[in-house]
Amino acid sequence: MLRMLVIFRFIMSLILGVTCTMVYAKVLSKKNIPKIIGVGLFILVLEIIIIELTTPSIALDLYPLHTHLILILFLVLIFKCKIAHSILYVTLAYMNCFPVVYLSRLAGYIWPDSLLAEYLFYFVFVILMIICVNKYVAFYVSQLIGISRKNDIAFLIIPVIFYFFNFFVNVWSDLLMGDNYHILQFMPFVVCVVYLVVIRVISGEMQNRIKAFEEQCYMEEAISVISKEMEGLQESENMSRIYRHDMRHHFAMIRDFIENGNVEEAKIYIKENIDVIADNSLHRYCDVEIVNLVLSGYEKRGRNNGLHTVFDVDLPKNVALKSTDICAILSAILDNVFSKVEDLKDSFVKLKMSIFQDMFIITVEAPCSSEVALHYWSEGMSDEERDISIIVKNQGGEVYFAAKDELYKVMATIPLTV
């Protein structure tokens, strides 16, 4: 009876270890079930043979060889997992066995001296642990593994050290019976040190992810800006082509007006066409052509929405800042400001852009409603303002927002690298 219970416990431990290992490795699927069952049966037969030839205690001492080494090789050879990841999956699954053992022995408080009750509890907690790992743990483990080699090593330390420490303690159990301080306090020491290491590694990885996200936002904004300005440039080019094509027709109309004595109508016709051409012409604010293109687009947008725009730009032709960077920052700021003033009547947008003491400076101000000012002071920066902050800080600069006395202001400063 005792031998049967021992074999039953080996089977349940094997099911728990193999299942958790495959769940962590993300290879537990219908397609792989035959392979997993095959390796499980192979390990089970090997365990039974060792138990029959020796004793259960010796079989337990040899589990690193007849169970875990086989699982590691199985993951590496069959599922092409990395060796370090395979070791991590197996040792994590091994650690999952200990809460099950601990909780199953609570049966001793309910039914003292009942080995059957303890094994029944063990069976129940094995099932619960598999469900818990599969539903609540494995996904998050997979998110933490494979980020970087440093990250993998940090997460591998505790399971591996715990594994070997527990193995040596089980084989040489008299070590814990002595009064050697360093042996007794080894695991608390490891946990504390590794905890600090893991915090440092996770913090570094989070910073890298945040930086990558900021760079992605910046690139998306730059691409969006370039796409918009290319569309605007193409539209202006199309309009110019149309007017060049229709130039003979316009001259003929003006000639007819003059020949018929309709001078005033000719003047009106000329003025209308001049206004149309001006609307689709590229205004020159500075010697940086792409900045002229961006500002011309916003000047037209403001005119179409009844906004008065004042753009004061003093930039040399060669600025120690990429044109795409300038456009991304400029467009993000103007988009944000325009969205706050387009619904206001008789509103304006004032922009000043210049270089002062090796600093690229953009200041924009516009009137804003009391609701905008209240939102700013009660809730802080909006999503648009956070995006602007990301773009500016990505260039090593600073940006400031203020909403006071129904006036909204933005100021961005970026150091120029020569």
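Mentor: What follows is a description of the sheet, its strands and the helices on it. This is a predicted model, in which local features need pLDDT of at least 70 and side-chain atom pairs count only at pLDDT 80 or more, while totals for chains, interfaces and linings use all residues. Residues are numbered from 1 along each chain as its sequence is written, and side-chain values use heavy atoms, with hydrogens and water left out.

The sheet is open and has 5 strands in the order β1-β2-β3-β5-β4, with mixed pairing. Strands (E, at least two residues) and helices (H or I, at least four residues) are DSSP runs, numbered from the N terminus; two strands pair if DSSP finds at least two bridges between them. Because β1 (308-314) and β4 each have a single partner strand, they stand at the edges, and one side of each is left without a neighbour in the sheet. On average, neighbouring strands of this sheet are turned by 10 degrees against each other, direction ignored. Such angles run from 0 to 180 degrees between N-to-C directions, and the axes are lines fitted to C-alpha atoms, for helices over the stretch in contact.

Two helices pack on the sheet. Helix α14 (residues 289-304) touches β1 and β2, and its direction makes about 165 degrees with that of β1; contact means heavy atoms within 4.5 Å. Helix α17 (residues 383-394) touches β4 and β5, its direction making about 150 degrees with that of β4.

Consider next the strand β5 (residues 407-415), which runs antiparallel to β4 and is joined to β4 by 7 bridges. β5 also pairs with β3 in the antiparallel sense, over 9 bridges. Val410 in β5 stands opposite Phe401 and also opposite Val364. In β4 (residues 398-404), Phe401 belongs to the covered face together with Val399 and Ala403, whereas Glu398, Tyr400, Ala402 and Lys404 form the uncovered face.

Asp358 lies in the loop between β2 (348-356) and β3 (359-367). Although Asp358 is not a glycine, its phi is positive, at about 60 degrees. Asp358 counts as exposed because its relative accessibility is 52%; exposed means over 50% relative accessible area, buried under 20%, and partly exposed in between, with a 1.4 Å probe and protein chains only.
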